[in-house]
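Here is a structure to walk through, one feature at a time. Keep the view open while you read.

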Amino acid sequence: MSLLPSVLDPHNSELKNITDVTMFTLLGFTDDFEMQVYLFILFLAIYVFTLVANLGLVLLVVIDSRLHNPMYYFLSVLSFLDACYSSVVTPEMLVNFLAENKDISFYGCAAQMLLFVTLGTTECFLLAAMAYDRYVAIYNPLTYSVNMSFRVYVSLIAVSYIGGLLHGTMHTVATFSLSFCASTEIKHVFCDIPPLLALACSDTHINYLLLFYVVGFIEVFTILIVLISYGFIFLAILKIRSAEGRQKVFSTCGSHLTAVSIYHGTILFTYMRPSSSYALDRDMIVSVFYTIVIPMLNPIIYSLRNKDVKEAMKKLFERKSFIN
């Protein structure tokens, strides 16, 4: 591990052997090699499925003309986002399961944090935009093509990414401006914010305030958009007299509500707590769930409960069978 000498501890008046860190070590789940092999196989299978399912869903939206509308454009962006989100964390984790050297460079760790916070926040905003899209489509379907025009949905997607990038940049700069003078061993499988703050020897009060209040604001803002949108959708459902029409609305919105509930639930559990209640072992498992498992679940949730997606998949498989 490469270290360079530095100055003094801001918490104490006495000099200490403080160092500027150039490398971190990701300790991961366990030191048991046999267990690491099993975990490698498990997460490799999850990662391969995540890439195939999400990128397959993107391809499906591109090639099937019946899916050429804003709802499925949002879904394809979400699928691409999930494939990238998982790729930020999983490959490094898979290598570390089998490698003796589990080091990650200071800048590599910063880049990983920037990307996963950016993509995670973008997903929050994107899920809110998808809820608004469903409200526009169901509450007033006659003006849907006007209210959700190309310009509108591209703007919503762009704002989601910009908001994610700003949030990711803020936390990355705030975290890596700290002094790390104790252990450089991160009790995690990737460079998440709480385990890095636990290693810092400078004052982390501002960092925890940012983590609690900024993440809290984003969560409250995006969840409110979802709740308000689905409140209007519920009112629209009450006006639908046919059982078939209601069933179609429920199948369309049910998958999105499931994805929103799972994703926001894990984010709230991980970050919206006092710093004294952080338990790194437990939080590591929850972090793995929302960065690796949820990107695998999203294409399943959206495809199994969506008639149009299932029909497009059936048509694609029939076309392949005919060609063969």
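A disulfide here means a pair of cysteine sulfur atoms within 2.5 Å. In this bridge, Cys109 and Cys191 sit S to S at 1.9 Å. Cys109 belongs to helix H3, while Cys191 lies in the loop between strand E5 (185-186) and helix H6 (193-199), so the pair ties together parts that are 82 residues apart in sequence. Searching the whole structure turns up 1 disulfide.

A word on the model. It is predicted, so local features need pLDDT of at least 70 and side-chain atom pairs count only at pLDDT 80 or more, while totals for chains, interfaces and linings use all residues. Residues are numbered from 1 along each chain as its sequence is written, and side-chain values use heavy atoms, with hydrogens and water left out. Helices (H or I, at least four residues) and strands (E, at least two) are DSSP runs, numbered from the N terminus.

Now turn to the helices. Two packed helices are described by the angle between their axes and the distance between the axes. Axes are lines fitted to C-alpha atoms, for helices over the stretch in contact, and angles run from 0 to 180 degrees between N-to-C directions. Helix H2 (residues 70-98) meets helix H3 (residues 106-139): their axes come within 10 Å and cross at roughly 160°. That makes H2 roughly antiparallel to H3. By class, this contact has 18 nonpolar, 3 polar and 5 charged residues. Ala, Val, Leu, Ile, Met, Phe, Trp, Tyr, Cys and Pro count as nonpolar, Asp, Glu, Lys and Arg as charged, and the others, Gly among them, as polar.

H2 also packs with helix H5 (residues 150-176), at an angle of about 25° and with the axes 10 Å apart. H2 is therefore roughly parallel to H5. The cut-offs are under 35 degrees for roughly parallel, over 145 for roughly antiparallel, 65 to 115 for roughly perpendicular, and oblique for the rest.

Last comes a pocket (on a 1 Å grid over the protein atoms alone, an open set of points where a 1.4 Å probe fits, with protein on both sides within 12 Å along at least five of seven lines; lining residues have an atom within 4 Å of a point). The second largest pocket is lined by 14 residues, and Val52, Ala53, Gly56, Leu57 and Met313 lie nearest its centre. H1 gives the most to this lining, with 7 residues.
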